[in-house]
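Here is a short walk through one protein model. Keep the sequence and the 3D view side by side as you read.

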Amino acid sequence: VVSQVADKYAIPCVDIVTLFNKEKNRDLLFNGVKDPIHPSIKGHRFIAKELYNIINDNNFLTERN
């Protein structure tokens with residue numbers, strides 16, 4: 001649903017699940033066996049980096065008149 005709304009309004013969408021699955025050390029992006037659902041500190045950094053790239057690549061931080 002999120003990607004459909006993003007497509008409809010021409011808003012970039014970051015598919016974190018797909019990006020996590022492509023990572024070699026995917027297990028390091030999560031909190032281990034006790035919590036395999038929530039991202040670890042490294043996982044949160046990974047997400048932040050990807051979001052920053054989308055924001056930066058699309059000039060969302062430039063001043064608009």
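Start with what counts as a helix: a DSSP run of H or I, at least four residues long, numbered from the N terminus. Ala-10, for instance, sits in the loop between helix 1 (2-8) and helix 2. Bear in mind that this is a predicted model.

Now take in the whole chain. The protein has three helices and zero strands. Read along the sequence, the pattern is α-α-α. Helix 1 covers 2-8. Helix 2 covers 16-22, and helix 3 covers 41-57.

Next comes the overall form. The C-alpha atoms fill a box of roughly 50 × 25 × 20 Å along the principal axes. The radius of gyration is 14 Å, whereas a compact globule of 65 residues would have one near 11 Å. Of the 65 residues, 15% count as buried. The accessible surface comes to about 5700 Å². Carbon and sulfur atoms account for 56% of that surface.

Charge is another way to view the whole protein. It has 9 positive and 8 negative charges, and their mean positions are 5 Å apart.

Go inside now. Which residues make up the largest nonpolar core? There are six: Ile-16, Phe-20, Leu-29, Phe-30, Phe-46 and Ile-47. Helix 2 and helix 3 are the elements that give two or more residues to this core. In soluble globular proteins, nonpolar side chains tend to be buried together.

Set aside residues up to four places away in sequence. Leu-29 then touches Phe-20, Glu-23, His-38, Pro-39, Ser-40, Lys-42, Gly-43 and Phe-46. Two of these names, Phe-20 and Phe-46, also belong to the core.

Follow one of those contacts to Lys-42. This residue is found in helix 3. Beyond its neighbours within four places in sequence, Lys-42 is in contact with Leu-28 and Leu-29. Is Lys-42 buried, partly exposed or exposed? Its relative accessible area is 49%, so Lys-42 is partly exposed; the exposed class needs over 50%. From Lys-42, look along to Asn-58. The two are 16 residues apart in sequence and 24 Å apart in space, C-alpha to C-alpha.

Compare Lys-24, in the loop between helix 2 and helix 3. Lys-24 counts as exposed because its relative accessibility is 84%.

Which value of phi does Ala-10 have? Phi is near 55 degrees, a positive value in a residue other than glycine. At 69% relative accessibility, Ala-10 counts as exposed. Asn-59 also has a positive phi, about 55 degrees, although it is not a glycine. Asn-59 lies in the segment after helix 3. Its relative accessibility is 44%, so Asn-59 counts as partly exposed.

Terms used: Residues are numbered from 1 along each chain as its sequence is written. This is a predicted model: local features need pLDDT of at least 70, side-chain atom pairs count only at pLDDT 80 or more; totals for chains, interfaces and linings use all residues. Side-chain values use heavy atoms; hydrogens and water are left out. A nonpolar core is a set of buried Ala, Val, Leu, Ile, Met, Phe, Trp, Tyr and Cys residues joined through side-chain atoms within 4.5 Å. Buried means under 20% relative accessible area, exposed over 50%, partly exposed in between (1.4 Å probe, protein chains only). Contact means heavy atoms within 4.5 Å. The radius of gyration is taken over C-alpha atoms; the globule rule is 2.2 Å times the number of residues to the power 0.38. Accessible areas come from the Shrake-Rupley method with a 1.4 Å probe; for residues, only the protein chains shown count as cover. Lys and Arg count as positive and Asp and Glu as negative; His and the chain ends are not counted. The place of a charge is taken as NZ of Lys, CZ of Arg, CG of Asp or CD of Glu.
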